[in-house]
Amino acid sequence: GKDSLITGKEIISFIIDENGRPGNFKIRKSLSPAHDAEVTRLLQQGPAWEIIKGKKRKVKLEVIF
């Protein structure tokens with residue numbers, strides 16, 4: 001859609017759980033609802049993050065479109 005023509009920076013924060021899976025997503029800077037959904041989808045479907053075993057981590061990520 002027309003949202004795909006928008007470029008700029010999205011900022012998302014989330015928690016990495018003890019298994020390395022991201023969750024609890026919060027959009028900090030949004031380009032559009034479509035961009036929000038795509039960033040969240042990529043994080044959910046991507047590989048597990050490598051973390052210190054048994055530790056949760058807060059992450060803030062900037063994504064440039």
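User: In what order do the 3 strands of the open sheet come, and is the pairing parallel or antiparallel?
Analyst: In this predicted model, where local features need pLDDT of at least 70, side-chain atom pairs count only at pLDDT 80 or more, and totals for chains, interfaces and linings use all residues, the order is β2-β1-β3 and the pairing is antiparallel. Strands are DSSP runs of E with at least two residues, helices are runs of H or I with at least four, and both are numbered from the N terminus; two strands pair if DSSP finds at least two bridges between them.

User: Which are the edge strands?
Analyst: They are β2 (22-29) and β3 (57-64), each of which pairs on one side only. Neighbouring strands in the sheet are turned by 25° against each other on average, with direction ignored; axes here are lines fitted to C-alpha atoms, for helices over the stretch in contact, and angles run from 0 to 180 degrees between N-to-C directions.

User: Over how many bridges do β1 and β3 pair?
Analyst: Strand β1, residues 9-16, pairs with β3 over 8 bridges in the antiparallel sense, and E10 stands opposite V63 in β3.

User: And what does helix α1 touch?
Analyst: Helix α1 (residues 33-45) packs on the sheet and touches β1, β2 and β3, contact meaning heavy atoms within 4.5 Å. The direction of α1 makes about 40° with that of β1.

User: Switching to side chains, how many aromatic pairs are there?
Analyst: The structure holds 2, where rings of Phe, Tyr and Trp (its six-membered ring) pair if their centres lie within 6.5 Å, with planes under 30 degrees apart counted as stacked, over 60 as edge-to-face and the rest as tilted. F14 and F25 form a tilted pair, at 5.7 Å centre to centre and 45° between the planes. Because F14 lies in strand β1 and F25 in strand β2, this pair ties together parts 11 residues apart in sequence.

User: Is F14 buried or exposed?
Analyst: F14 counts as buried, at 2% relative accessibility, whereas F25 at 21% counts as partly exposed; buried means under 20% relative accessible area, exposed over 50%, and partly exposed in between (1.4 Å probe, protein chains only).

User: Why is the pair of F14 and W49 edge-to-face?
Analyst: Their planes stand at 70°, so the pair is edge-to-face, and the ring centres are 5.4 Å apart. W49 sits in the loop between α1 and β3, 35 residues from F14. F14, F25 and W49 form one aromatic cluster.

User: Anything on numbering and atoms?
Analyst: Residues are numbered from 1 along each chain as its sequence is written, and side-chain values use heavy atoms, with hydrogens and water left out.
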